[in-house]
Amino acid sequence: MSDVTMEKIISLCKRRGFIYPGSEIYGGLSGTWDYGPLGVELKNNIKALWWSTFIRERDDMFGVDAAILMHPKVWEASGHVAGFSDPLVECKKCKKRFRADHVEGGKCPECGGALGEVRQFNMMFKTQIGAAEDEQSVSYLRPETAGGIFVNFKNVVDSFHPKLPFGIGQIGKAFRNEIAPRDFIFRVREMEQMEIEYFVRPSEWEAAFEEWRKESLGFFEAVGIEKNSVHELEVADGDRAHYSKRTIDFEFDFPFGRKELSGLAYRTDFDLAAHAKASGQDISYLDADGSRTVPHVIEPSFGVDRTILALLTSVYTEDELGGETRTYLKFNKAVAPVKAAIFPLLKNKPELVAKAREVYMMLKKVIPQIVWDDNGNIGKRYRRQDEIGTPYCITIDFDTLGENPELKDTVTLRDRDTGEQERVAIGELIAKIAA
Ligand code: ATP
């Protein structure tokens, strides 16, 4: 991954159908990217890994999928209406706008012109609910998924009566009107988050924080993000949100520098207390001894898009194989968008194609992320699959049909990383690919 640049990643993503610029035929729309056929598979695999690790495989976790549009009071109570803003400056000469904290030297980074006053710019996308256009109809696209978790705390407690500590997780879209979207999918206006609010008794927060610190690192590793490129930044007192007693930013060495990949924050009882006050509802927790508490919360917050960018940076590899340079993505099997590709050696031999089709259908029933490729010579097909990170290529040839009776019903299984090929019985393929 040492030589990887953003240009190489962006170009491969576009060429091979992972990620395209949003609304591209109209010249693009800043801060939006569209996931193509391979990108959506990769993204779904990562979300599925997160969901099974943190929701399904644990008995102290609950999942929700809340509406993106929420009552505007949610964002008043959470402090977003008053304070979810970035400092904005405008160049007096070219009128371009920048985030004040991203500008160095007090001059316009584009034209060198003088900059105007810094003002606060609220990053929530405002929208309107229903036909009437008045103050009552204002709503926002959620700027984070956490809000949908806090407003459902009481519902989940009433339905499931969980014992503390327990958590609620959600995956979904979030929207931020970033002043300067940049660096591909790193800073976008429409993104996806995977967030957990883990509710604890106040005395338990330190242990839970430590547990989620380790869990976060474990998740990055399971995704296939390079371990040595992840760094923990203890956010200093003055830089944390006022309600947070401890925050760690997990940073990653992206090609453009070390930047935030995900966050872990101890948010005290700030959110539940604020929603209780603003809604007038009792959202405290009734403990076994009859006492009522407002639980405190640990929040691990992952960005799907930044996870994907950190992964692409980690797995992008250039090497030499058989005297030729090649590019490949070293995805692990869990996240690879395609697990194996099936090749009939020649596409104009019906008996080969029929046998290959049989193997393809048999595998696809068990492992759906399998593709068929009969285009060009085998070498070309290997290059193509390497570039999209397919761990295995399977070739069906005349020996499979029994030309060499000893090799009947065996195929060539080629490993992406080593390029090595072995002869494997068709009956063993599923175990090999899934292992
Ligand atoms: P930054 O300081 O980089 O703007 P943040 O501290 O505002 O990020 P959080 O509010 O902690 O981010 O959001 C949680 C996670 O959501 C981030 O760690 C990141 O993975 C993701 N995220 C936030 N903003 C964006 C964005 N504009 N584009 C892509 N992902 C984002």
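Strand 3 (residues 61-64) and strand 10 run parallel and are joined by four bridges, where strands are DSSP runs of E with at least two residues, numbered from the N terminus, and two strands pair if DSSP finds at least two bridges between them. Within this pairing, Gly 63 stands opposite Gly 169 of strand 10. This is a predicted model, in which local features need pLDDT of at least 70, side-chain atom pairs count only at pLDDT 80 or more, and totals for chains, interfaces and linings use all residues. Residues are numbered from 1 along each chain as its sequence is written, and side-chain values use heavy atoms, with hydrogens and water left out.

Strand 10 is also joined to strand 11 by ten bridges, and these two strands run antiparallel; Ile 171 has Met 194 in strand 11 as its bridge partner. Because nine of the ten residues of strand 10 (residues 166-175) are buried, this strand is largely enclosed by the rest of the structure, buried meaning under 20% relative accessible area with a 1.4 Å probe and protein chains only.

Turning to the ligand, 14 residues surround it, with Glu 178, Arg 187, Val 188, Glu 260 and Leu 261 the closest, a residue being near if one of its heavy atoms lies within 4 Å. A side-chain N or O atom of Glu 178 is 2.7 Å from a nitrogen atom of the ligand, a polar contact being a pair of N or O atoms within 3.5 Å. From the backbone, an N or O atom of Val 188 lies 2.9 Å from a ligand nitrogen atom, and one of Phe 186 lies 3.2 Å from a ligand nitrogen atom. Strand 14 gives the largest share of the shell around the ligand, four residues.

Notes:
Polar contact = N/O pair within 3.5 Å; in protein donor to acceptor, adjacent residues only side chain to side chain. Buried < 20%, exposed > 50% of the residue type's maximum accessible area, 1.4 Å probe, protein only.
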